[in-house]
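I opened the model today to look up a few local features and to write down what I found.

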Amino acid sequence: MSFLISAAHAAPAAGPTNGILPNILMIVVFVAIFYFLIWRPQAKRAKEHRSLIESLGVGSEVVFAGGLMGKVTKIEGDYAVVELSRGVEVKIQRASVISVLPEGTLNNL
């Protein structure tokens, strides 16, 4: 039967490894990629959002996570009371504000 199957040749024996330095270098490269592509941009966005939340004041025109727009009428700790239209007010968490609009935007819509 061996005339139908060619003889298999084993690969030559593997030589000694290069040491631990390439492995450590690979881990450092992966950590650097993770830092610059994932962690750093996310931390930057979180810092910008924190400063946006801290800058909220009475009279600020905001867009919050539900997509609604309104004017802040009261700040109560971690909450803000937002007037959506004349006589309609809702209480929202300040963290749900995603954008502060330029003053007068709501009047022009």
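**Basis.** I am working from a predicted model, in which local features need pLDDT of at least 70 and side-chain atom pairs count only at pLDDT 80 or more, while totals for chains, interfaces and linings use all residues. Residues are numbered from 1 along each chain as its sequence is written, and side-chain values use heavy atoms, with hydrogens and water left out.

**Annotated span.** I found that UniProt, in an unreviewed entry, lists residues 20–39 as "transmembrane region"; such annotations may be inferred rather than shown by experiment. In the model this span is 95% helix and 0% strand, and its end C-alpha atoms lie 27 Å apart. Helices (H or I, at least four residues) and strands (E, at least two) are DSSP runs, numbered from the N terminus.

**Strand β1.** I then asked which way the side chains of β1 (residues 61–64) point. Glu-61 and Val-63 point one way and Val-62 and Phe-64 the other, and all are buried, that is, under 20% relative accessible area. I looked up the partners of β1 next, taking two strands as paired if DSSP finds at least two bridges between them. With β2 (residues 69–76), β1 pairs in the antiparallel sense over three bridges, and with β5 (residues 97–101) it is joined by four bridges, also antiparallel. Val-62 stands opposite Gly-70 in β2 and has Val-100 as its bridge partner in β5. The hairpin of β1 and β2 has four residues between the strands, and Gly-67 there takes a positive phi near 90°.

**Largest pocket.** I noted about 250 Å³ of space in the largest pocket. A pocket here is an open set of points on a 1 Å grid where a 1.4 Å probe fits, with protein on both sides within 12 Å along at least five of seven lines, and lining residues have an atom within 4 Å of a point. The lining includes Glu-61, Lys-71, Glu-83 and Arg-86. The elements giving two or more residues to this lining are β2, β3 (79–85) and α2 (105–108), and the largest share, three residues, comes from β3.

**Ser-96.** Is Ser-96 buried or exposed? I found Ser-96 in the loop between β4 (88–93) and β5, and it counts as buried because its relative accessible area is 18%. The Ser-96 side chain reaches the backbone oxygen of Gln-93 at 2.7 Å.

Technical notes. Buried < 20%, exposed > 50% of the residue type's maximum accessible area, 1.4 Å probe, protein only. Points joined across faces, edges and corners; volume = space filled by probe spheres on them. Polar contact = N/O pair within 3.5 Å; in protein donor to acceptor, adjacent residues only side chain to side chain.
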